[in-house]
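Here are my notes for you, written as a friendly walk through one chain. Keep the picture open beside the text and look up each place as we come to it.

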Amino acid sequence: MKSAVENLTPTRVKLTVEVPFEELKPGIDAAYKTIAGQIQVPGFRKGKIPNRLIDQRVGRGYVLETAINEGLNGFYQQAVTEAEIIPLSRPEVEITEVPGAEAPEGEGQLAFQVEIDIRPSIELPEYAGLEVTVDAVEASDEDVEKALEDLRGRFGTLKTAERPAADGDFITLDLAASVDGEEIDAAQGLSYQVGSGTMLEGLDEAVTGLSAGEDATFETKLAGGEHAGQDAQVKVAVSAVKERELPEANDDFAQLASEFDTIAELREDLAKQAAEGKLMEQGVQAREKVLEKLVELIEVPVPESIVTEQVEQHFEQGGHGEGEHDTEEHRAEVKENTANAFRNEVILDAVAEKEEIGVAQSELIDYIVQTAGQYGMDPNQFAQMLDGAGQVPMIVGEVRRRKALAKVLELAKVTDTEGKEIDLSTFVRPAGESAASGTSASSASSASSASAASAE
């Protein structure tokens with residue numbers, strides 16, 4: 001078989017493939033055998049019909065067509081491998097020559113052309129030593145006090161307050177919403193923390209200052225349901241006001257809430273955690289800036305077909321249809337996000353290739369366990385779902401790209417806005433973790449061996 005590749009654009013090629021008769025012959029013989037098992041000729045057992053009789057019954061052209069249809073994908077895949085390209089779109093095939101049905105045995109060839117979008121080739125710049133600047137952050141006494149306050153809050157108790165509700169109080173309330181004077185929804189006995197902003201817009205202002213047994217009415221714009229976007233009048237009635245009593249921050253509390261014996265030891269540990277949290281913030285910021293810098297340095301052409309397909313899938317799967325969400329602005333946003341994601345993927349795949357980055361089974365399981373937790377799913381069920389949907393290769397690619405970005409960050413020079421060099425070694429390779437795996441190694445035990453086998 002001969003094949004040639006012609007670059008039409010940086011992201012689209014034309015393959016020209018020629019298959020001589022001798023390479024088609026095994027497929028033709030298989031086609032004769034298949035057809036022999038499908039037709040009946042008096043005097044011959046099924047499957048034992050001579051080729052010349054098959055030619056008389058169905059025509060040699062039909063045999064050749066069957067052989068070509070069966071073998072075309074294999075020849076195409078072989079041409080793709082020889083050209084060392086990665087197809088991104090469905091092939092557009094045009095058959096330009098087939099062996100003539102009347103031609104003598106052994107003469108003629110199959111020739112076809114294929115146009116496909118491909119992953120573009122890029123040249124990586126020298127990324128070792130990329131310089132990025134992050135915000136200067138430092139854990140303060142206020143951070144430690146807030147962490148201690150949050151911890152005390154977890155062990156706090158609620159007691160009834162004989163006073164108007166204030167910010168931070170917990171109240172029990174009833175709600176009734178009306179649109180144009182008609183009640184559309186109601187709920188009783190709801191628990192709510194004043195100031196949390198987790199219910200209706202305007203609720204915090206309405207309940208602040210109300211005592212048990214009092215009510216108020218306010219207007220709000222509904223965010224969900226069949227009346228989403230409409231203005232509603234909401235009556236809120238407060239039936240109880242409770243304040244949270246926090247345990248005293250002393251040695252007894254330290255022993256209750258932690259592994260430490262004294263409040264001083266607990267504060268020291270909270271200060272350490274606060275510092276680690278600030279470093280994590282800088283690491284995340286540095287990672288984003290390193291990727292931005294890579295994208296700025298490398299020109300990555302984006303196939304239009306990829307963008308178009310993703311945009312259509314977004315609106316079809318999201319159920320947006322032709323409604324208010326399917327706007328020119330929204331489509332432009334989806335197009336931009338798709339193009340950016342494609343560029344990131346191409347660049348990080350190239351880095352992974354250069355750095356010879358692989359994905360260990362434990363890293364894959366870690367990622368599955370972490371992602372399953374985000375969806376509130378059992379890791380085993382999540383892994384089986386991925387396997388059944390053929391998503392495992394996509395997950396492997398995602399983990400590999402994470403590791404590639406971590407490698408670039410590891411080689412980068414990161415300083416803060418005050419000129420201080422930031423050591424992100426613990427962020428890039430946390431203790432007990434492989435680079436960029438993103439989850440603890442101990443979580444791998446939660447995934448079954450079956451999941452691991454399918455992931456491999």
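The points below go from the ground rules to a sheet, an annotated span, and then some single residues and rings.

1. Ground rules. This is a predicted model, in which local features need pLDDT of at least 70 and side-chain atom pairs count only at pLDDT 80 or more, while totals for chains, interfaces and linings use all residues. Residues are numbered from 1 along each chain as its sequence is written, and side-chain values use heavy atoms, with hydrogens and water left out.

2. The open sheet. Start with 4 strands that form an open sheet in the order β1-β2-β4-β3, with antiparallel pairing. At its edges are β1 (2–9) and β3 (92–97), each of which pairs on one side only. On average, neighbouring strands of this sheet are turned by 20° against each other, direction ignored. Helices (H or I, at least four residues) and strands (E, at least two) are DSSP runs, numbered from the N terminus; two strands pair if DSSP finds at least two bridges between them.

3. Strand β2 (residues 12–20) pairs with strand β4 (residues 109–117) in the antiparallel sense over 9 bridges. To see one of these bridges, find V19, whose partner in β4 is L110. Helix α1 (residues 21–36) packs on the sheet, touching β2 and β4, and its direction makes about 80° with that of β2. Helix α3 (residues 60–83) also packs on the sheet; α3 touches β1, β2, β3 and β4, and its direction makes about 60° with that of β4. Contact means heavy atoms within 4.5 Å. Axes are lines fitted to C-alpha atoms, for helices over the stretch in contact, and angles run from 0 to 180 degrees between N-to-C directions.

4. The annotated span. UniProt, in an unreviewed entry, lists residues 168–214 as "domain: PPIase FKBP-type". UniProt positions are given in the numbering used here, feature names are shortened, and annotations may be inferred rather than shown by experiment. In the model, this span is 11% helix and 47% strand, and its end C-alpha atoms lie 18 Å apart.

5. Two loop residues. D180 is found in the loop between β7 (170–179) and β8 (182–193). D180 has a positive phi of about 55° although it is not a glycine. Is D180 buried or exposed? With a relative accessible area of 77%, D180 is exposed (buried means under 20%, exposed over 50%, partly exposed in between, with a 1.4 Å probe and protein chains only). E356, in the loop between α9 (328–354) and α10 (361–374), has a positive phi of about 55° and is not a glycine either. E356 counts as exposed, at 71% relative accessibility.

6. A residue in a helix. F382 sits in helix α11 (residues 379–388). At 5% relative accessibility, F382 counts as buried. Which residues is F382 in contact with, leaving aside its neighbours within four places in sequence? They are I368, T371, A372, Y375 and M377.

7. Rings. The structure holds 2 aromatic pairs. In one of them, F155 and F253 have ring centres 5.9 Å apart and planes at 90°, so the pair is edge-to-face (rings of Phe, Tyr and Trp, its six-membered ring, pair if their centres lie within 6.5 Å; planes under 30 degrees apart count as stacked, over 60 as edge-to-face and the rest as tilted). F155 is partly exposed at 32% relative accessibility, whereas F253 is buried at 2%.
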